[in-house]
Amino acid sequence: MEVTIHQLLEGAREARGVTVVIDVFRAYSVESYAFAGGMERIYPVGNLEEAYELKREHPDFLLCGEREGRKQEGCDFGNSPLEIMKSDVQGRTMIHTTSAGTQGLENATGADVLLAGALVNAKATAEYIRRLNPQHVSLVCMGLACRRPTDEDTLCAQYLRALLLGEEFDKEKAVEIMRKGDGQRFFIPEDQSFAPREDFDLCTQFDRFPFALPVRCTPDGRKYIEKAMVL
């Protein structure tokens, strides 16, 4: 098995084979906590106006959206796992639009199989991939708003590669790096309303969930994500 790591939108466009789009802070951590809370289906949408239009068509759907880390007008949730955990999402469907993660799914047009990944479902994602036994795996790190690479997404990719290839990985060191790097934003007192400290802890819990997040398509071509139990 060949495993390659890619960065940002260019990396998503380069991706081939089984592809994992990674967004640890916070898109695919949010989706993992949502599915753990009983969410039935999530529609990832890159364009904010398209997300609003889908919400108008389906007013019963929940809408989770952020730009620059902040909850957008008209949304039920910002991009916070803590906020999701405090809410009843059992049996619901959600539209999800973000600055990074959902953009990666839009741009990974060359992938044969597409998955959404984070640290909280990394081991399950690796097991899902192993069962497919692919020749090539692309791990795409979406970074900060698709503008620059980040520690957390790159470390998640390195961890997934280690799981797939049987390599060693130091989880404690990784958490320390994330805390001193881009994770610092969760410890800014004036930003706690949209980037709470709890989100850092929730996003860095390695392998908390036993499911992968494969991306499917409706008959009319709209992408959606569902939970696939593997562990």
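**Close-ups of a predicted model**

**View 1. Helix α3 and its two sides.** Turned away from the buried side of α3, one face carries Glu49 and Arg56, both exposed (over 50% relative accessible area; buried is under 20%, partly exposed in between, with a 1.4 Å probe and protein chains only). This is a predicted model, so local features need pLDDT of at least 70 and side-chain atom pairs pLDDT 80 or more, while totals for chains, interfaces and linings use all residues. Residues are numbered from 1 along each chain as its sequence is written, and side-chain values use heavy atoms, leaving out hydrogens and water. On the buried side of α3 (residues 48-57) sit Leu48, Ala51, Tyr52, Leu54 and Lys55. Looking down the helix axis, these fall within an arc of 160° (taken from the directions from the axis to the C-beta atoms), so they line one face. Helices are DSSP runs of H or I with at least four residues, and strands are E runs of at least two, numbered from the N terminus.

**View 2. What α3 packs on, and how it starts.** The buried residues of α3 pack against β3 (41-44), β4 (62-67) and β6. At the N-terminal end, Asn47 caps the helix, with a side-chain oxygen 2.9 Å from the backbone nitrogen of Glu49.

**View 3. Thr93 in strand β6.** Thr93 belongs to β6 (residues 93-97) and counts as buried because its relative accessibility is 14%. Leaving aside residues up to four places away in sequence, Thr93 touches Met39, Arg41, Tyr43, Phe61 and Leu62 (heavy atoms within 4.5 Å).

**View 4. Cysteines without a bridge.** The whole structure has zero disulfides (cysteine sulfur pairs within 2.5 Å). For Cys146, the closest cysteine sulfur is in Cys141, 12 Å away and too far for a bond.

Note on methods:
Polar contact = N/O pair within 3.5 Å; in protein donor to acceptor, adjacent residues only side chain to side chain.
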